Structures are given as C-alpha cells and as structure tokens.
Amino acid sequence: MRLLAALSGGVDSAVAAALAVEAGHDVTAVHLALSEAPATLRTGSRGCCSKEDARDAARVADVLGIPFYVWDLADRFREDVVDDFVAEYAAGRTPNPCLRCNERIKFAAVLDRALALGFDAVVTGHHARLADGVLRRSVDDGKDQSYVLAVLTPEQLAGTVLPLGHLTKDEVRALAADRGMGVADKPDSHDICFIADGDTAGFLRDRLGAQPGPVVDALTGAVVGQHGGAYAYTVGQRRGLALTVPAPDGRPRYVLSVEPVSRTVTVGPGEALDTSVVRGDRPQWLDPRPLPLECDVQLRAHGAVHRCVVHEDAGGWRLELATPARGIAPGQAAVLYDGDRVLGSATLG
Amino acid sequence: MAYLDHAASTPMLPEVVDTVTAALRDSLAAAGNASSLHTAGRRARRVVEESREQLAAALGTRPSEVVFTASGTESDNLAVKGIWWARRAADPRRTRILASAVEHHAVLDAVEWLVSHEGATVEWLEVDHEGRVHPDVLREAIERDPSDVALVTVMWANNEVGTVQPVRQLSDVAHEHGIPLHSDAVQAVGQLHVHVATSGVDALTLTGHKFGGPLGVGALVLGRDVACVPLLHGGGQERDVRSGTLDTPAVAGLAVAAALAVERQPAHHARLSALRDDLVRRVRGAVPDAVLNGPDGVDRLPGNAHFSFPGCEGDSLLLLLDARGVEVSTGSACSAGVARPSHVLLAMGAKEDDARSSLRFSLGHTSTTADVDALVEALPAVVERARKAAWR
C-alpha cells in the first residue's frame with residue numbers, strides 16, 4: 001500500500017512508520033505543524049508542536065529513508081481544536097482536545113488530503129488495534145488510546161493503519177532502540193500539547209479574562225467563596241476551590257456543576273457527584289448493535305469501565321449504569337465496549 | 001531524476017572538485033593555517049591570497065575588498081548589521097534601514113533583528129507587480145529624511161521569481177546622499193554580468209554553492225571606504241572585519257568557480273534562457289491556466305521560472321513531483337520546512353491563495369532538455385491530483 005505516516009517527533013509514530021516500511025509498504029512521512037509559534041527548545045513538560053519535534057521527525061524519516069514533508073495545519077488546529085477547547089470550557093463543559101484533533105485534523109483533514117494525493121491510508125502511532133474495521137483496545141492497558149479514536153467513522157477507520165496495538169510501550173521503545181532511533185528514550189508527550197506548561201486554568205484565564213462569580217454550597221444554598229472564572233472548574237474537581245466557609249458537615253467539597261451564564265460554581269459532598277444515569281448526544285456506531293444493549297462504557301480517558309444498559313432516547317442514548325460513576329463531565333465522550341472491542345461513542349450531555 | 005532546484009544549490013563544477021581535492025591533498029597547504037608564519041602557513045596563505053585575487057578579478061573589484069565568509073547568510077548578516085552599527089556609531093541619528101520588500105530571509109531577518117534589538121527602524125521599499133524596486137521609490141524614501149538613513153539593501157536578483165533589480169540606478173540614488181548600498185547577489189553571480197566596480201554597490205554578498213563552488217564558503221565584497229563592525233571577534237583574519245581560520249581548499253574552490261562562472265556567463269545565460277523559455281512555453285501548454293510570476297522576458301534570471309497553479313497547494317505539487325523524480329521548490333523554505341505564503345509574491349500583490357499555489361523551477365549548468373521533458377510529462381496529472389487534494 002502507499003501509506004502516509006504522520007510523524008509527531010515522538011517514539012510511537014516513529015516505530016509505527018518503521019513497522020509500515022518493514023512490512024513492505026511505500027511510506028511517505030509528514031509532520032503536522034500545529035502550533036503557530038513553535039517553541040524553539042523544549043521547556044518544562046513538553047508539547048508535540050516544537051521545532052525540535054519537527055527535527056526529530058525529519059531525522060526518523062531520514063533513518064527510514066523515506067520522503068518527509070511538513071504540513072502547516074496551524075490555522076486549522078487553532079480553529080477546530082484550540083478555539084473549540086476554549087469555547088467548550090466557557091460553556092461549562094470539559095472538552096477532550098485529543099479526541100477533537102483526531103476527529104477534525106488527523107483523521108479528517110489529513111486523511112482526506114492523503115487519499116486525494118493518491119495514498120491508500122494514513123498510519124499513526126496510536127495505541128489501539130485495528131483490523132477489518134474492528135477497533136480494539138491496545139494490549140497495553142496503561143497506554144490504550146481506543147477511547148480517543150472511538151469518535152472516528154467507519155470510513156475514517158478504513159483509511160487508517162495502526163501498527164502498534166499489539167505492542168506495549170516498553171516494546172515500542174525497545175523497537176526504536178533496536179533501529180538506532182534517537183527518539184527511543186524521548187519522554188511521553190503532555191496530555192494537552194498546546195498547553196506546554198500544563199496550566200490549563202492559566203491558559204483559559206489568558207484567553208477568557210477574569211470572570212468572577214460565586215461558589216455556592218448545594219446543601220445550604222449559601223455562598224461559600226468567590227472564584228475568578230467558572231471556566232477554571234471541572235465537575236468532580238476537589239482541589240483549588242478556595243472556599244472561605246467550611247462545609248457544615250466538615251467533609252470535602254467537590255464541584256458538582258458549572259453554570260457559565262450566572263458564573264455559578266456549585267459545590268457539595270462527593271456522593272452528590274454519583275450518577276447512575278447519563279445522557280449521550282450525537283451517538284455514532286462503529287459496530288452497530290440493537291438497543292437496548294447491555295455492555296461496558298468508559299466515560300473519560302483512562303477512566304474506569306462501568307457496566308451499563310444503553311437505551312434509545314430522543315435521538316441520543318440514555319445510559320443506565322450498574323455502578324454509579326463519580327464526576328461525569330459534560331463534553332467528554334461515552335465510549336461503548338464489548339470486552340476490548342469498541343462499539344460506538346457519544347458526547348456526554 | 002530531474003533536478004530543477006539549482007537556485008537552492010547547484011552541483012560543483014568538475015574543475016572545482018579537482019581544485020578542492022588537490023588543495024586537500026597538498027600536504028603543505030592543507031596542514032597550514034594561513035595565519036601561521038612557517039612554511040606550511042605561508043603555503044596556505046599563498047593559496048588564500050591567490051584565490052582572493054582571482055575572485056576579485058572575476059568580479060571587478062580589488063583583492064583588498066574581498067572578505068571571505070562561511071556562507072551567503074553570514075555575508076548578508078555582516079553587511080546589514082556591520083554597516084548599520086558603523087553608520088550609527090558615526091552619527092547616532094542614522095538608524096533607518098531601507099530594504100526591498102522581496103529580500104531573502106538572510107537580509108530580512110537580520111534587518112528585523114536590528115529593529116527588535118538595536119533600535120533600528122525599517123522601511124520596506126515597495127516593488128511593482130514583477131517584483132522590481134523603482135529608483136523613484138528609493139529616492140522618495142531617502143528624501144523624507146536623508147540624515148537618518150543608515151543603509152540601503154536591495155538584492156541583485158530575486159531568489160524566488162528571478163527579478164533583476166536596477167542596482168546601478170539604485171546605488172546612484174543612494175550615493176547622491178552618501179548612503180551605502182548593499183546588494184545580495186547570491187543568485188546573480190554566474191547567471192548575470194556582475195561587475196562590482198561598475199555597479200556602484202558598496203557591499204555585495206555571494207556564496208559558492210550557487211555557481212558551482214563548494215558549500216560552506218562565501219564572500220562579502222566590502223568597499224575599502226565602507227566601515228563595518230564585525231560580527232565575529234577573534235583573530236581578525238579578514239581585514240579585522242571577520243575572524244576565523246579560513247578553509248583553504250574551500251576558498252580555492254570558490255575562486256576557481258567564480259572565475260569559471262564569470263568567464264562562461266554570457267554563453268551560460270544564452271543557453272539557460274533558451275531552455276527556460278522552452279520550459280515556460282511547455283508548462284503553459286501542459287497547464288493552460290498556470291500563471292507565470294515575475295518578469296515575462298528580460299530582467300529575469302535566465303535559469304528561473306516561477307508559476308502559480310490555481311487551485312493547488314504548492315506543497316502538494318512538490319510532494320507529487322518528488323514522488324515522480326522531479327525535484328522542485330515552493331520558494332524559500334523556513335527552518336521547520338513549513339510552507340508559508342511567500343512574502344515575495346505577497347509584496348508583488350499576489351493573493352494569499354496564489355502565493356500558496358506556486359512552484360519555482362530553477363535551471364543550472366547540468367540542466368538539459370530531458371529535465372524539462374520530465375517536468376512537462378509529469379505536470380498535468382500532478383496538477384489535477386493536487387487540485388483534488390486542496391485543503392477544504
């Protein structure tokens with residue numbers, strides 16, 4: 001096959017491209033330039049957008065002896081991922097930008113262009129297994145990325161090759177070292193590549209400004225503190241609430257809800273976060289099953305798996321959980337699994 | 001393989017390879033440091049000084065005005081920053097730089113650095129739709145306040161669209177007010193008649209690998225009366241303006257390449273122009289809506305053709321041609337390899353989409369009709385596919 005390998009500059013995509021070359025495919029590499037002002041050198045925890053990463057990616061392509069190009073997707077990344085990320089937080093939701101990037105950039109814009117240019121598929125270093133249109137978890141539970149790939153359509157998956165799903169991260173690093181790749185011991189990337197220092201609240205504050213409002217206790221209705229911006233709070237959060245009035249029962253308080261219009265952050269005891277019924281909007285099947293359906297569901301990246309029954313509900317899903325889930329954040333995805341097999345996904349309402 | 005990117009780098013001439021390897025094998029010259037006083041040093045120094053004389057003769061300048069450097073970029077930085085510092089030191093009012101809007105990044109970014117770090121101001125001289133700076137534009141910019149201009153810098157010929165600037169007229173205008181003019185002639189040497197003394201320029205940049213010389217060696221021709229503050233401090237080997245032990249074999253190769261390139265320039269110009277005109281005609285035949293950027297006729301580098309292909313992304317075209325063995329460029333790539341719309345085309349009034357849809361084909365001494373054949377054969381299918389692959 002003619003394959004387009006997306007090289008981030010990290011070890012996973014490097015080994016994925018190497019395995020594709022070794023399998024006899026005709027591979028061309030691209031590095032996606034996503035940041036508008038790429039940092040020249042790595043500082044603090046690293047993102048995936050630095051010039052150094054572009055250089056590492058180019059070096060991998062040289063070692064593999066394959067052509068290498070840089071595609072400038074900075075404008076599109078800002079519009080579809082970064083601006084969306086900020087807007088979602090401003091609306092009181094908790095978006096997952098990796099999922100959005102896969103949905104809009106890597107497996108949309110890049111895949112479309114690759115197919116138009118005459119490639120058969122895009123190869124990436126995501127940790128998940130994909131064969132015959134069936135998406136499964138990676139054999140490495142700790143690194144599994146099937147959750148952030150579940151938003152892809154069957155058509156998108158048909159144009160995707162994931163060579164790493166049968167490998168653990170340690171095995172991937174060993175394969176890179178065997179091939180003399182300098183990225184073999186490169187640290188894993190930060191969760192949100194465009195917030196290199198990891199300070200999400202600061203990133204949002206810079207873009208949304210100060211929006212002070214009250215912190216209200218759900219049990220008493222009393223104002224128990226002030227905050228600088230509701231967008232800095234996520235349902236289920238416990239730390240950094242800066243409450244000025246101790247809880248009457250003396251127990252820890254968690255964020256129960258974020259209401260952006262009135263800028264109200266409501267806090268309460270942990271058990272108030274427990275939910276047994278959640279709603280999924282804009283559902284999408286990879287492996288369609290009749291409803292109602294009993295299966296597993298994962299409600300956040302690297303989150304616990306719950307047993308559930310999925311019901312049809314006004315064009316979306318109603319998920320009845322067998323065990324309550326704590327701190328479900330609107331905006332994240334609900335991904336349905338049958339064992340390690342991904343069935344479909346929806347956005348948590 | 002069809003190599004149509006001679007403006008990026010052109011192969012070394014066989015005579016230059018011989019010169020460089022002979023110098024590397026010359027145990028005395030290769031061992032010696034041209035600054036040393038013993039026999040080996042004298043031998044190396046003799047090679048360097050003969051090279052300096054050979055280069056000066058080829059370019060119509062004096063040996064004492066040749067400053068060897070390691071690259072065109074270094075020469076540009078030395079000229080722009082060094083002359084600016086010296087002019088401001090002589091009169092603190094002189095902070096303004098007049099630079100064409102179509103300069104190479106080696107000039108552009110050196111100017112921007114002076115602006116952001118040294119308190120310089122810059123006025124980008126506008127160009128016409130073919131990329132040319134008119135002497136009246138320069139005159140008007142100077143006469144706004146002749147006392148505060150530190151230097152003028154306008155390239156001899158543009159690296160992207162090949163436009164030849166009226167350097168003689170521009171230097172005359174600058175000299176009316178006693179202002180020095182630097183010209184980046186990296187693309188011009190070997191393709192055009194470059195004669196420093198008759199051009200009037202006060203400083204001129206050249207680099208070996210654009211005219212059949214070695215990579216990693218260049219020169220700044222710097223008039224004897226032009227004050228210039230060094231960038232590199234140390235042994236002061238080059239007129240105290242540039243320090244660093246010279247690469248004797250590379251310097252020898254640079255001089256031989258310059259001598260041969262200048263000697264062959266008239267014939268080279270005629271041959272390349274004909275081949276380029278054939279390329280332009282046949283590209284237009286293969287892709288009827290392709291738009292030639294830059295001058296249509298004279299005042300253009302003979303090896304340069306530059307087209308926009310409406311509805312295509314330049315980087316798609318490059319990838320598809322590369323896969324078919326045709327090597328071209330989208331213009332000047334930045335360090336990360338990101339294709340940005342060319343500042344040259346934007347300055348010429350092109351729309352951003354047209355600027356993104358362009359390719360440069362550049363011919364050189366090894367180019368043949370077979371290279372043009374390969375391009376023209378591949379192009380229609382490549383353009384059709386690239387149109388389908390356009391973003392959104």
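## Interface between chain A and chain B

One salt bridge is counted between chain A and chain B, where a salt bridge is a side-chain nitrogen of Lys or Arg within 4 Å of a carboxyl oxygen of Asp or Glu. It joins Arg113(A) to Asp315(B), with the closest N and O atoms 2.8 Å apart. Arg113(A) also lies over the face of Trp71(A), at 4.4 Å from the ring centre; a charge sits over a ring if NZ of Lys or CZ of Arg is within 6 Å of the ring centre and within 35 degrees of the ring normal.

The contact (heavy atoms within 4.5 Å) takes 20 residues from chain A and 20 residues from chain B. The two chains bury about 1800 Å² between them, 53% of it on carbon and sulfur atoms, buried area being the accessible area (1.4 Å probe) that two parts lose on being put together, summed over both.

## Basis of the model

This is a predicted model, in which local features need pLDDT of at least 70 and side-chain atom pairs count only at pLDDT 80 or more, while totals for chains, interfaces and linings use all residues. Residues are numbered from 1 along each chain as its sequence is written, chains are lettered from A and ligands numbered from 1 in the order in which they are written, and side-chain values use heavy atoms, with hydrogens and water left out.

## Domains of chain B

The domain assignment, which is automatic or from a database, divides chain B into domain 1 (2-9 + 265-388) and domain 2 (14-260). The C-alpha centres of domain 1 and domain 2 of chain B lie 27 Å apart, and 28 residues of domain 1 are in contact with 28 residues of domain 2.

Between them, these two domains of chain B bury about 2300 Å², 52% of it on carbon and sulfur atoms. On the side of domain 1, Leu301(B), His343(B) and Met348(B) lose the most area to domain 2, together 27% of what that side buries. Zero salt bridges are found across this domain interface.

## Aromatic pairs

Over all chains the structure holds 10 aromatic pairs, defined for rings of Phe, Tyr and Trp (its six-membered ring) whose centres lie within 6.5 Å, with planes under 30 degrees apart counted as stacked, over 60 as edge-to-face and the rest as tilted. Phe194(A) and Phe203(A) form a tilted pair, 5.5 Å centre to centre with 50° between the planes.

In chain B, Trp85(B) and Trp113(B) form an edge-to-face pair, 6.3 Å centre to centre with 90° between the planes. Trp85(B) lies in helix 4 (residues 72-90) and Trp113(B) in helix 5 (residues 105-118) of chain B, so the pair ties together parts that are 28 residues apart in sequence; helices (H or I, at least four residues) and strands (E, at least two) are DSSP runs, numbered from the N terminus. Trp85(B) is buried, with a relative accessible area of 18%, whereas Trp113(B) is partly exposed at 31%. Lys81(B) lies over the face of Trp113(B), at 4.9 Å from the ring centre.

## Backbone features in loops

The peptide bond from Leu291(A) to Pro292(A) is cis, with omega near -5°, and Pro292(A) lies in the loop between strand 12 (274-285) and strand 13 (293-298) of chain A.

His302(A), although not a glycine, has a positive phi of about 60°; this exposed residue has a relative accessible area of 61%.

Key. Buried means under 20% relative accessible area, exposed over 50%, partly exposed in between (1.4 Å probe, protein chains only).
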